[in-house]
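This briefing concerns aromatic rings and how they pair. Please look at the sequence and the structure before reading on.

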Amino acid sequence: MTAQEQFLEPDDPGRDRLALSWTPGTDTGAPVWVFLHGLGSDRKGEKAARFRDHLAGRGPGFLSLDFTGHGDSGGDCHGLSLTRNLEDVGRAVSFLREEAPAAPLVLVGSSMGGIAALWYAALFPGAVRRVFVIAPAFRMAARFAASLSAAARREWAGRGFLSVSVGDRDLEIGWGMVPDEDGYPTERLAANLGTPSLLIHGDADAVVPVELSRDFAGSCNAAELIEIEGGDHRLSGAKDLLFEIMWTAASAS
């Protein structure tokens, strides 16, 4: 079935248009998988497209969204933050509660989207049946700030944004993501997350060290970790394997 392109208009002046791609399932009792992309990507990226194709005809619906400042959604990355991403997820969930009110939700998040998926499940217990995250970007803002010189951090904070290259895209990332992240300590996430969550991480990831996922899985009773030997951050060559891991785990739960 062809994806339905949806554009959620803001319900208050502080928000922007949100772009969604929605593919209803073939089984009304099956879950809806919700894909959350990484920094600099969008709802039509390779992982989203491959996972959607794999789900076709298996029953579940599939929804992917562009976070604010990405793809066809409005806004920019000057205001990027975990708080804003969580608000975007909430808007997408509200859309699904209209389209598929009884369907359980499975969140699938990649990198930046992985952290949003874990926190959304922790903050809204019972709203999500299962979480799958691929190379979740723990402490994304703090690690990025730490990679800069003291002078560069001062410039970033003073100017309010910093131009960075992410993959093949140039983004202007706002400083506000750094203090915003302070309100989401990983220790609290590990303590509060009760939704069964599977972390999948390449052990050769040079962007987000696999040790962060190891530490989290070791401290959170709801989380487990599967490591992909030799896998990099994007795990581009393992998309089919990623789906099979997730599908097998979802089918067993």
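A residue counts as buried if its relative accessible area is under 20%. Phe 132, at 0% relative accessibility, is therefore buried. The model is a predicted one.

**Trp 33 and Phe 132**
- The rings of Trp 33 and Phe 132 form a tilted pair, with 5.9 Å from centre to centre and 35° between the planes.
- Trp 33 belongs to strand β3 (residues 32-36) and Phe 132 to strand β6 (residues 130-134), so this pair ties together parts that are 99 residues apart in sequence.
- Trp 33 has a relative accessible area of 1%, so Trp 33 is buried.

**Phe 138 and Phe 216**
- Phe 138 and Phe 216 also make a tilted aromatic pair, at 5.0 Å centre to centre and 35° between the planes.
- Phe 138 is in the loop between β6 and α4 (140-146), while Phe 216 is in helix α8 (residues 210-219), so the pair ties together parts 78 residues apart in sequence.
- Phe 138 counts as buried because its relative accessibility is 3%.
- Phe 216 counts as buried because its relative accessibility is 1%.

**Cluster and charge**
- Trp 33 and Phe 132 belong to a cluster linked by ring pairs, which also includes Phe 35, Phe 51, Phe 243 and Trp 247.
- Over the ring of Trp 247 sits the charged end of Arg 58, 5.0 Å from the ring centre.

Conventions. Residues numbered from 1 in each chain as written. Predicted model: local features only at pLDDT ≥ 70, side-chain atom pairs only at ≥ 80, totals over all residues. Heavy atoms only, no water. Phe/Tyr/Trp six-rings, centres within 6.5 Å; stacked < 30°, edge-to-face > 60°. Helix = DSSP H or I, 4+ residues; strand = E, 2+ residues; numbered from the N terminus. Buried < 20%, exposed > 50% of the residue type's maximum accessible area, 1.4 Å probe, protein only. Lys NZ or Arg CZ within 6 Å of the ring centre and 35° of its normal.
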